[in-house]
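Visitor: I would like to go through this model with you, one topic at a time. Please begin with the terms and the ground rules, and then take my questions as they come.

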Amino acid sequence: MEELRYSWSPYLKWGDKQELQENTFVYHQGETGKGCFYLEKGGVKITLLSPQGVERTVNYVPEGMLFGEHGVKKEPYLTSAITTCTSVIYYFSDDQLLRICREYPEAARTFSNSLIYKFRILADMFSFLCCPVEQQMAHYLLKVVSETGSFSLDQTSFARYIGTSRITVNKILNKWKSQKLIQITQRSICILDVDELINIQNTGEKDLSNVKTF
């Protein structure tokens with residue numbers, strides 16, 4: 001993922017810059033696609049609504065990444081995107097994207113790799129749906145830290161990320177804290193023992209050792 005971050009920045013002059021306030025929908029799941037987006041500054045969470053009406057957070061977009069790529073060519077968005085704080089976002093319409101890829105062939109590769117990465121995130125999420133909560137938490141904690149360098153979600157947001165209760169998340173985090181696997185300061189979680197969290201991620205009802213985070 002690191003090789004994708006900021007790789008789209010040379011093409012920002014082609015996009016439309018927007019400043020959005022916290023809790024603003026960038027796009028809605030099922031909405032007819034209108035192009036893709038780039039997060040320059042701030043935060044965006046990606047949510048997925050199940051057929052049963054259960055909403056789950058499936059990703060947090062790191063700064064310097066494209067998102068909403070599945071909405072190009074008027075394809076329906078597979079997820080929803082919502083800002084988590086005041087954010088600076090660039091919007092690229094289908095026409096703008098086409099012109100960029102025609103003029104810069106490497107841009108087409110960047111876009112394709114980013115789209116593939118997003119589908120992999122969804123595939124990983126489905127792999128974890130039936131796993132024990134502790135295994136899921138270890139995976140997502142490792143994932144977010146590997147992508148952004150830190151983990152600053154509050155426990156309520158983390159619980160929604162996993163699809164469980166805040167009480168369960170708090171119980172496991174306190175267990176990890178007592179085992180000196182993590183350190184919690186205000187709203188941030190620092191990993192002290194990466195190897196043991198990887199072991200928890202890969203030990204459960206499913207063998208997920210092929211799912212890479214760190």
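Guide: Two strands are said to pair if DSSP finds at least two bridges between them, and the strands (E, at least two residues) and helices (H or I, at least four residues) are DSSP runs numbered from the N terminus. Residues are numbered from 1 along each chain as its sequence is written. This is a predicted model, in which local features need pLDDT of at least 70 and side-chain atom pairs count only at pLDDT 80 or more, while totals for chains, interfaces and linings use all residues, and side-chain values use heavy atoms, with hydrogens and water left out.

Visitor: How many helices and strands does the protein chain have, and what percentage of its contacts with a separation of 6 or more comes from residues 24 or more positions apart?

Guide: The protein chain has 6 helices and 10 strands. Taking contact to mean heavy atoms within 4.5 Å, and counting the contacts in the chain with a separation of 6 or more, the share that comes from residues 24 or more positions apart is 72%.

Visitor: Which residue of β7 is the bridge partner of I46?

Guide: Strand β4, residues 44-49, pairs with β7 in the antiparallel sense over 4 bridges. Strand β2, residues 25-27, is also antiparallel to β7, over 2 bridges, and there Y27 has A81 as its bridge partner. For I46 the bridge partner in β7 is likewise A81.

Visitor: Are the residues on the two faces of strand β7 buried or exposed?

Guide: Strand β7 covers residues 80-83, with S80 and I82 on one side and A81 and T83 on the other. Buried here stands for under 20% relative accessible area and exposed for over 50%, with partly exposed in between (1.4 Å probe, protein chains only). Both faces of the strand are covered, and these four residues are all buried.

Visitor: In what order do the strands of the open sheet that holds β7 lie, and by what average angle are neighbouring strands turned against each other?

Guide: The 4 strands form an open sheet with antiparallel pairing, in the order β2-β7-β4-β5. The edge strands, each of which pairs on one side only, are β2 and β5. With axes fitted as lines to C-alpha atoms (for helices over the stretch in contact) and angles running from 0 to 180 degrees between N-to-C directions, neighbouring strands of this sheet are turned against each other, direction ignored, by an average of 30°.

Visitor: Which residue of β5 stands opposite K45?

Guide: The strands β4 and β5 run antiparallel and are joined by 6 bridges. Helix α4, residues 155-162, lies across these two strands and runs at about 110° to β5. The residue in β5 that stands opposite K45 is Y60.

Visitor: Which strands does helix α1 touch on the sheet that it packs on?

Guide: A further open sheet is formed by 4 strands in the order β1-β8-β3-β6, again with antiparallel pairing. Its edge strands, pairing on one side only, are β1 (16-20) and β6, and its neighbouring strands are turned by 35° against each other on average, direction ignored. Helix α1, residues 94-103, packs on this sheet with its direction at about 75° to that of β8, and the strands touched are β1, β3 (36-41) and β8.

Visitor: How much space lies in the largest cavity, and which helix gives the largest share of its lining?

Guide: A cavity is a set of points on a 1 Å grid over the protein atoms alone where a 1.4 Å probe fits but cannot get out, and lining residues have an atom within 4 Å of a point. The largest one holds about 150 Å³ of space and is lined by 17 residues, of which I46, N59, H70, T79 and K118 lie nearest its centre. The lining divides into 11 nonpolar, 4 polar and 2 charged residues. Its largest share, 4 residues, comes from α2.

Visitor: Which residues line the second largest cavity?

Guide: The second largest cavity contains about 30 Å³ of space. Its lining consists of 3 nonpolar, 4 polar and no charged residues, namely L4, S7, W8, G64, L66, T110 and S114.

Visitor: Why does T110 count as buried?

Guide: T110 lies in helix α2 and, leaving out residues up to four places away in sequence, touches L4, S7 and W8. T110 counts as buried because its relative accessible area is 14%.

Conventions:
1 Å grid on protein atoms, 1.4 Å probe; cavity = no way out; pocket = protein on both sides within 12 Å on 5 of 7 lines; lining within 4 Å. Points joined across faces, edges and corners; volume = space filled by probe spheres on them. Nonpolar A, V, L, I, M, F, W, Y, C, P; charged D, E, K, R; others polar.
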